[in-house]
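This report goes through a protein model, from overall figures to one pair of strands. Please look at the sequence and the structure first.

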Amino acid sequence: MKHHLYLPTFLPVSFPDAMETFLEDMAKKGWFLKKVGYFLSFCQFEKGTPAPVRYRLEPVPDTVRTPSAEMVQFYEDFGWKYLTTFSHFFFIFVAENPDTPEIHCDPLVQAKGYKRMCRNFSVFGLASLALLAIFLGIPLYHPAFLLECPRFSAFALVTLLAFAVLILWSVLRLWKIYRNLSQGKPLSHRKGYLHIFSLQTIILVLLVLFLLPFSDKLVEWDENDQITQALTAVEEPLPYVPLAEMGISPDWVQTPYDPITIGGKNSDSNYVRSRSNVLAPATFQISQTAYHSDPNMPAVATSMTSYYGEMANSFLAKIVGMDFANLYADTPGISGYKMEKEPLSLSGFSEAYYGNILGNAQLLLLLRQDNRVLIVHYAGDASLKDHVEDFAKLFTQSYTPL
């Protein structure tokens with residue numbers, strides 16, 4: 001009965017010398033390559049008597065899966081037998097006699113085979129890097145996500161960067177082989193592979209974890225860092241101006257915090273949510289809503305949502321403030337609308353402006369003082385401009401996360 005062994009090579013096509021070394025070392029242990037699978041390049045080995053077998057990887061000349069009959073016969077005449085194809089880029093040939101002459105004696109001829117592969121792999125590499133750049137650009141497009149999910153963001157960033165480094169490393173390595181061959185330097189057929197195995201294994205594990213529920217678990221842990229409480233239950237100072245100070249009608253009433261689950265998320269009002277992490281030592285999101293006491297009137301009379309954050313640096317405060325301002329200014333069901341901004345002159349503030357949305361139906365106020373930022377979104381009869389000083393006073397003290 002023949003014994004078989006299946007192993008993933010974890011070796012990129014840019015390391016043909018390492019692959020040859022790996023296969024020859026396996027043969028010395030009595031495991032001989034039979035074929036290479038396409039998925040993860042799994043190698044099937046068959047148990048036999050240990051022998052100093054030699055393997056050579058030849059670049060595929062065209063977009064074919066197997067070499068031509070003429071090519072197979074030509075190589076067999078010189079002692080090299082076609083074995084299998086590796087990743088659509090190489091044909092693997094084997095010589096059972098360790099004294100069999102090398103397939104190539106002219107590096108310039110061998111360089112022609114690598115040139116096509118370099119071009120094709122470079123296109124794949126650039127396309128992959130472009131896709132990764134899009135994913136890595138998400139934090140710049142939505143920087144508040146970094147504050148809301150720091151664990152997941154850090155894990156995704158490390159995983160994608162590691163994958164990008166591997167792709168770039170592989171592309172550069174292929175072009176280095178081609179350049180050396182073009183300069184008349186013969187290709188080395190011995191190279192260590194354990195360090196390449198280790199790097200590939202780490203990246204593969206990261207990618208698997210990224211695709212498995214582990215990513216969801218990281219998001220869950222990030223969400224658990226957020227503490228939500230009713231506004232009336234918090235005794236410590238909070239960075240907000242109460243709706244009552246904005247001026248509300250006696251016919252309106254602020255209900256106590258009462259979580260209502262809609263679509264798996266809380267859809268409630270009059271609460272404060274707080275979190276703390278390395279990027280933002282203290283952040284608060286405060287929601288206030290007043291309702292008509294008259295059941296014949298529309299339910300919501302006025303509402304105000306405030307986001308206050310003490311960031312690790314002023315740049316982060318600026319981009320997060322911009323992100324939340326755009327988020328609050330986004331009106332569902334209406335596209336192409338641009339918020340009208342009115343700069344405000346406030347001493348001691350790095351940035352301050354007032355904005356109206358849909359013809360003053362909704363108002364927005366942004367204040368930033370170095371690494372601290374406040375964004376207020378308001379819908380009601382009052383004017384945020386009349387209360388700018390009240391909001392500015394919120395910056396005269398620090399706030400402790402819940």
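Predicted model: local features only at pLDDT ≥ 70, side-chain atom pairs only at ≥ 80, totals over all residues.

Residues are numbered from 1 along each chain as its sequence is written, and side-chain values use heavy atoms, without hydrogens and water.

The protein has 11 helices and 17 strands; helices (H or I, at least four residues) and strands (E, at least two) are DSSP runs, numbered from the N terminus. Of its 402 residues, 44% are buried, where buried means under 20% relative accessible area with a 1.4 Å probe, counting protein chains only. Taking contacts (heavy atoms within 4.5 Å) between residues at least 6 apart in sequence, 65% join residues at least 24 apart.

The structure has zero disulfides, a disulfide being a pair of cysteine sulfur atoms within 2.5 Å.

| Residue | Relative accessible area | Class |
|---|---|---|
| Cys-43 | 0% | buried |
| Cys-149 | 8% | buried |

Strand β16 (residues 362-369) runs antiparallel to β17, and seven bridges join them; two strands pair if DSSP finds at least two bridges between them. Which residue in β17 is the bridge partner of Leu-366? The partner is Ile-375. Two residues lie between the strands of this hairpin, where Asp-370 has a positive phi near 55°. In strand β17 (residues 372-379), seven of the eight residues are buried.

Notes. Buried < 20%, exposed > 50% of the residue type's maximum accessible area, 1.4 Å probe, protein only.
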